[in-house]
Amino acid sequence: MLSNSLIELDRAHLVHPVASYRGHEKLGVRVMKSAKGATVTDMTGHQMIDGFAGLWCVNAGYGHESIVEAAAKQMRELPYATGYFSLGSEPAIRLASELADRSPGDLNHIYFTLGGSDAVDSTIRFIRYYYHSLGTPQKDQFISLEQGYHGSSTVGAGLTALPIFHAGFGLPFDWQHKIPSHYAYRNPVGTDPQAIIDGSVAALRAKIEEIGAERVAAFYVEPIQGSGGVLVPPDGWLKAMHKVCKDHDVLLVADEVITGFGRTGPLFACSDEDVVPDFMTTAKGLTSGYVPMGAVFMSDRVYHTIADGAGASAIGHGYTYSAHPVSAAVGLEVLRLYENGLLENGVKAGARLMAGLHSLADHPLVGDVRGRGMLAAIELVTDKQKKTPLPAAADPSRRIFDRAWDNGLVIRAFGNGVLGYAPPLCCTDSEIDAIIERTRMTLDQTLEDPDVRSAMA
Ligand SMILES: Cc1ncc(COP(=O)(O)O)c(C=O)c1O
């Protein structure tokens, strides 16, 4: 009864992110009620393993009392302090310092945001300002990768390269350019890692030359492309792309909103590649989704150039909730938990997850298995030789999501039949095994879907 009235209120009033509004009205909301560890429970009492950590964000898992305590203590003591007027709060200063200590290279300056989209958006502003400070404001062209996702802000959504974020929004802007993704499973150059790296390097060089290096400001990249379908570049890819940037005096922005905070193993995925970008954007795992927060990491060179360029003037970029003390207090506690066992467990669980997903490779629907650590995907096809995607008629994003849900598993089911995994780092062996078993069950049921069967016939 209560849940029925909530569904009606939701339908009438709550606008959902990235949804077909009409489709959602028809479907109705599923209300999440509680969660503990890696298990979530909905309003009906249905329990599931959250194989997607909310929206690839609850890296620490649910129900950590110490995080709740840290937030409550900070709220009692000082629920808000602005960073304007040279004011600040202890947790924000401490968190910035702890992050700088752990960041790759000289990414020593942290600007806090509310999430990932405004972190990306902030980098665009900082980069523009940086080149103005250097006296080269004509360096105002930005490059990113097809299948990339860099958030949903007015400007950042143009760096994103997923069609629904552009259509109807007048995006991308003409200064936002794209090069092809490394997408190993469907790369025209084949699957050889060196050929993929060479192809991407050539594409970036060609794009920079086409625009003119004197015009190119920055190249944006996710160390692993998340929302584009968990696309993992070959080892050495990021380093090779960084070299192209350095050769042409183009800034590298590593968007670690998904990959940050243990998702691929280390605290930051850039460390895997020994790459120190000029900027790094993070959010999600920074606070493990308990409260909103993002962070832009800036190199010494960028920070000092901007600072010197502005001189005594204020740099006009700020948010009321930048460096929010409650979010920062949560961030500090989450960081403590990562370093007291969670990262280690994530590495162990990630190896088990990858092995488990690879054990599904012989299933008739599984065309590709990919991932690193606790970030993974399987790509379903109806013909493994031809790599034929599941037919749109089989409505993969809805039907497969629903089957997994009914089997007690939350996954990300992309529209093209890619299934995404990003479980909390706290998962036990038996939870990882259950993710695999429930996936297998879901695949077997999908094989019985008449629309899938007819595509396979
Ligand atoms: C790589 C990347 N950048 C930016 C964002 C945007 O973050 P938010 O949804 O917190 O605004 C996301 C969100 O998924 C992301 O995956």
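Where is Ile 224 found? In this predicted model, Ile 224 belongs to the loop that joins strand 7 (216-221) to helix 8 (237-247). Its relative accessibility is 0%, so Ile 224 counts as buried, the cut-off for that term being under 20%. Apart from neighbours within four places in sequence, Ile 224 is in contact with Val 230, Leu 231, Val 232, Pro 233, Thr 259, Thr 264, Arg 372 and Leu 375. Ala 202 lies 22 residues from Ile 224 in sequence, and the two C-alpha atoms are 20 Å apart in space.

Leu 114 sits in the loop between strand 4 (109-113) and helix 6 (116-134). Leu 114 has a relative accessible area of 36% and is therefore partly exposed, a term that covers values between the limits for buried, under 20%, and exposed, over 50%. Together with Tyr 80 and Tyr 321, Leu 114 forms a nonpolar patch on the surface. The accessible area of these three residues together is about 270 Å².

Strands of a sheet pair through backbone hydrogen bonds, in either a parallel or an antiparallel manner. Here four strands, in the order 1-2-3-14, make up an open sheet with mixed pairing. Strand 1 (32-36) and strand 14 (409-410) are the edge strands, each pairing on one side only. Strand 2 (residues 39-42) pairs with strand 3 (residues 47-50) in the antiparallel sense, over three bridges. Within this part of the sheet, Thr 39 has Ile 49 of strand 3 as its bridge partner. Helix 13 (residues 429-447) lies across strand 2, strand 3 and strand 14, and runs at about 105° to strand 3.

Conventions
Residues numbered from 1 in each chain as written. Predicted model: local features only at pLDDT ≥ 70, side-chain atom pairs only at ≥ 80, totals over all residues. Heavy atoms only, no water. Patch = residues over 30% accessible without salt bridge, like charges linked within 9 Å, V, L, I, M, F, W, Y side chains within 5 Å. Areas by Shrake-Rupley, 256 points an atom, 1.4 Å probe, with all protein chains shown as cover. Salt bridge = Lys/Arg side-chain N within 4 Å of Asp/Glu carboxyl O. Helix = DSSP H or I, 4+ residues; strand = E, 2+ residues; numbered from the N terminus. Buried < 20%, exposed > 50% of the residue type's maximum accessible area, 1.4 Å probe, protein only. Pairing = 2+ DSSP bridges. Contact = heavy atoms within 4.5 Å. Axes fitted to C-alpha atoms, helices over the stretch in contact; angles between N-to-C directions.
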